[in-house]
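I am opening my notebook to go through this structure one place at a time. For each entry I write down what I looked up and what I found.

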Amino acid sequence: MDIVFNCPNCKQELAVEDSAIGQEIECPSCREVQLVPDPKALPKPKDAAPAAPLTASEATAAALGLDTTAAHSAHKPRGLSVPQHSAPSEVLIKKAAAREVDPAKRQLRIKCIKRISCTSVGNDRFDEVVAEFIAGIGDADIVSINPISYGFVDGTGRVLPDYGVMIVYKG
């Protein structure tokens with residue numbers, strides 16, 4: 001059964017297993033180290049509201065002799081609320097408006113496509129990815145396509161050779 005108590009420093013509600021009585025724990029909110037109190041030694045609130053009536057399932061569990069305290073305390077309101085919006089939420093990060101670029105002032109750009117990043121289990125899509133990229137740019141804007149070779153270290157520590165292309169284009 002869990003012991004529920006409030007952090008004396010920040011008043012955060014904490015719940016720990018009863019096997020932790022007398023042990024030191026750290027409050028996740030304020031990081032204050034404290035002892036887990038014995039629930040019998042915790043002061044009872046003077047103005048505590050009367051217990052809520054049992055639900056049908058709790059009444060059935062009580063009639064069968066089952067422990068209903070954990071289930072009943074789980075339905076205790078915590079005072080938390082979820083924000084509700086009837087309209088779309090506010091955009092917190094605004095993107096800059098796309099601006100028109102004068103074709104004469106476009107700069108050269110470079111795109112490197114590695115073969116290893118185009119493969120999955122037994123499926124090499126390197127040619128398709130390169131063809132899709134070139135089609136998206138347009139043949140007229142391609143300045144050059146250069147082969148590259150490189151090596152990478154696999155999971156076993158071996159250096160494996162691989163290849164790719166470097167595409168220079170106007171963009």
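I began with R31, and at 54% relative accessibility I count R31 as exposed, the cut-offs being under 20% relative accessible area for buried, over 50% for exposed and partly exposed in between, with a 1.4 Å probe and protein chains only. I found R31 in the loop between β3 (24-26) and β4 (33-35), where strands (E, at least two residues) and helices (H or I, at least four residues) are DSSP runs numbered from the N terminus. R31 is not a glycine, and yet I noted for R31 a positive phi of about 65°. I kept in mind that most residues other than glycine have a negative phi.

Before going on, I noted that this is a predicted model, in which local features need pLDDT of at least 70 and side-chain atom pairs count only at pLDDT 80 or more, while totals for chains, interfaces and linings use all residues. I also noted that residues are numbered from 1 along each chain as its sequence is written, and that side-chain values use heavy atoms, with hydrogens and water left out.

Next I looked up K11, which lies in the loop between β1 (2-6) and β2 (13-17). K11 is not a glycine either, and its phi is positive, at about 70°. With a relative accessible area of 57%, K11 is exposed.

I then turned to the hairpin that β8 and β9 form, with 5 residues between them. Strand β8 (residues 142-153) runs antiparallel to strand β9 (residues 159-170), and 11 bridges join them; two strands pair if DSSP finds at least two bridges between them. I saw that V153 stands opposite V159 in β9, and that G157 in the turn has a positive phi of about 95°.

Is D154 buried or exposed? At 17% relative accessibility, D154 counts as buried, and its place is in the loop between β8 and β9. The side chain of D154 makes a polar contact with the side chain of T156 at 2.9 Å, a polar contact being a pair of N or O atoms within 3.5 Å, where within protein one must be able to donate a hydrogen and the other to accept it, and residues adjacent in sequence count only if both atoms are side-chain atoms.

Last, I looked at the whole protein chain, which has 3 helices and 9 strands. From the N terminus on, I wrote the order of its elements as β-β-β-β-α-α-β-β-β-α-β-β. Of the 171 residues in the protein chain, 18% are buried.
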